[in-house]
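Please read the points with the model open.

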Amino acid sequence: MNAFLKLIARSTQTASLLAAGLLLSGALGSCSSGASEPAADKPTPTAPAAVTTFRLSAAPAVRRLRLPAELKPYEQVDLFPRVGAFVKQVLVDRGSRVSKGQTLAVLEAPELAAQLARARSRWQAAQAKLSGTKASYERLLRTSQEPGTISPNDLERARAEMQADQANGQAAYSELQASRELSNYLVVRAPFSGTITARNVSAGALVGPGGGQPSAPMFSLENSRTLRLEVAVPEAAAGQWLQLGAAVPFTVPAFPGQTFTGVFRRNASRLSQTVRSELVEMDVPNADGRLKAGMYAQVLVALPTEAKAVAVPTSAVFATPDAPQQAQVVRVQQGRAKWVPVRKGQLLSRDTVMVFGPLAPGDELVREAGEQVPDGQPLTVDKAKPAGI
């Protein structure tokens, strides 16, 4: 019995010791976890992000345009006959260089010659009659100096007859001049110096009103010593075009690798209602005749933009989902990223955009910017590239 009681007491003591050990372990575990909590709240240092940058240039942004254009002759005309006639003689051919006033063709029309002869005869008859009535009036006027010799009525009648003959003479002379003008149309002359680019008649052909080819001109004449380079400028760039007299480079497919120059001389001062563009013309010297009218060209022009605008790569501008309308760029400031709000302008090229904002020449911007470069992020900057975008 005593041995049994001793065994029970020993078991109770062992259980008490185990419970005390568990409580002690729990207390130590609580102390350990409490001591480690401040370490979990301590921020972990952020690793610097490696970026490539560029510096803004002090030069104003320019918009580079490559526009299609067409070369046209400075002067061009299709020559038609003014009267119906037969071609008597053709003095030029396609490719002939002619000067102003040079005879190109001679026509013949017998009815015009007859009309001119009749007009001349009528004028001569009117002149002869006027000569007689004028002499008669002058004799009556001298005789009337003696009182009672000539009645005033006779003198007045003689003067009226003379004035009527004078009017008839003027009419006959006007008719003669008109016939002469018609006869002058039988000679076709060059209105300006140039090159004959088309000849559509031969000797013996009937031309003019009622002729065999009423819709075809006799000749086509072009002055190509100076060419007009016509360019359709889009509406977005029409208000920013160059000043008069500016040199404009251009290229043509016929001469690869060569650049020609035209001088901006005139513009239409209005937009086309169909294609919403303004027609602009440059004068191109072409004394050697290398360039031909009708050639297509590519005009290369750099238009100045607003002075406050700067040009940056399109990859340097981004927007966040929270503010999709607000564009941002990332500026390197004291080794950290600094988001700068900007306003996007026009595209200057496929890879370059114009922006407005608190930026200054010399600012260092991240070339490939986005939300992956947070505001305040430490940066490891590669060697900044020049401002060439």
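**Notes on the predicted model**

1. **Surface and overall make-up.** The accessible surface of the protein comes to about 23,700 Å², and 54% of that belongs to carbon and sulfur atoms. Areas come from the Shrake-Rupley method with a 1.4 Å probe; for residues, only the protein chains shown count as cover. The protein has 389 residues, of which 33% count as buried. Buried means under 20% relative accessible area, exposed means over 50%, and partly exposed lies in between (1.4 Å probe, protein chains only). The secondary structure comes to four helices and 21 strands. Both are DSSP runs numbered from the N terminus: helices are H or I with at least four residues, strands are E with at least two.

2. **Ground rules.** This is a predicted model, in which local features need pLDDT of at least 70, side-chain atom pairs count only at pLDDT 80 or more, and totals for chains, interfaces and linings use all residues. Residues are numbered from 1 along each chain as its sequence is written, and side-chain values use heavy atoms, with hydrogens and water left out.

3. **Confidence.** The average pLDDT is 81, and 81% of the residues score at least 70. pLDDT is the predictor's confidence in each residue, from 0 to 100. Over residues 1-9 it is below 50, and this stretch has zero contacts in the model beyond near neighbours in sequence. Where pLDDT is low, the predicted coordinates should not be read in detail.

4. **Contacts across the sequence.** Take the contacts between residues at least 6 apart in sequence: 74% join residues at least 24 apart. Contact means heavy atoms within 4.5 Å.

5. **Strand S10 and its partners.** S10 (residues 219-234) pairs with S8 (residues 194-199) in the antiparallel sense, over four bridges. Two strands pair if DSSP finds at least two bridges between them. Ile196 has Leu221 of S10 as its bridge partner. S10 also pairs with S13 (residues 277-285), antiparallel, over nine bridges. There, Thr226 has Pro285 of S13 as its bridge partner.

6. **Ser220.** This residue is found in S10. Is Ser220 buried or exposed? It is buried, because its relative accessible area is 11%. The side chain of Ser220 makes a polar contact of 2.8 Å with the side chain of Asp78. A polar contact is a pair of N or O atoms within 3.5 Å; within protein, one must be able to donate a hydrogen and the other to accept it, and residues adjacent in sequence count only if both atoms are side-chain atoms. Not counting residues up to four places away in sequence, Ser220 touches Val77, Asp78, Thr195, Ile196, Thr197 and Ala198.

7. **Nonpolar cores.** A nonpolar core is a set of buried Ala, Val, Leu, Ile, Met, Phe, Trp, Tyr and Cys residues joined through side-chain atoms within 4.5 Å. The largest has 26 residues; Leu71, Leu229, Val231, Trp241, Phe250, Val252 and Leu291 touch the most other members. The elements giving two or more residues to this core are S3 (62-79), S10, S11 (247-251), S12 (260-271), S13 and S14 (296-304). Apart from it lies another core, of 22 residues, including Val87, Val90, Val207 and Met218.

8. Four strands form an open sheet in the order S7-S6-S4-S9, with antiparallel pairing. Its edge strands are S7 (187-189) and S9 (206-207), each pairing on one side only. Four bridges join S4 (residues 85-90) to S6 (residues 103-108). Gln89 stands opposite Val106 in S6.

9. **A buried loop residue.** Leu359 is found in the loop between S19 (352-356) and S20 (364-366). It counts as buried because its relative accessible area is 15%. Leaving aside neighbours within four places in sequence, Leu359 is in contact with Leu56, Val310, Val329, Arg331, Val340, Val342 and Leu365. Leu359 and Val342 are 17 residues apart in sequence and 8.7 Å apart in space, C-alpha to C-alpha.

10. **Positive phi values.** Ser269, in S12, has a positive phi near 60 degrees and is not a glycine. Ser269 counts as exposed, at 62% relative accessibility. Gln334 lies in the loop between S17 (323-333) and S18 (336-347). Its phi is positive, about 55 degrees, although Gln334 is not a glycine. Gln334 also counts as exposed, at 80% relative accessibility.
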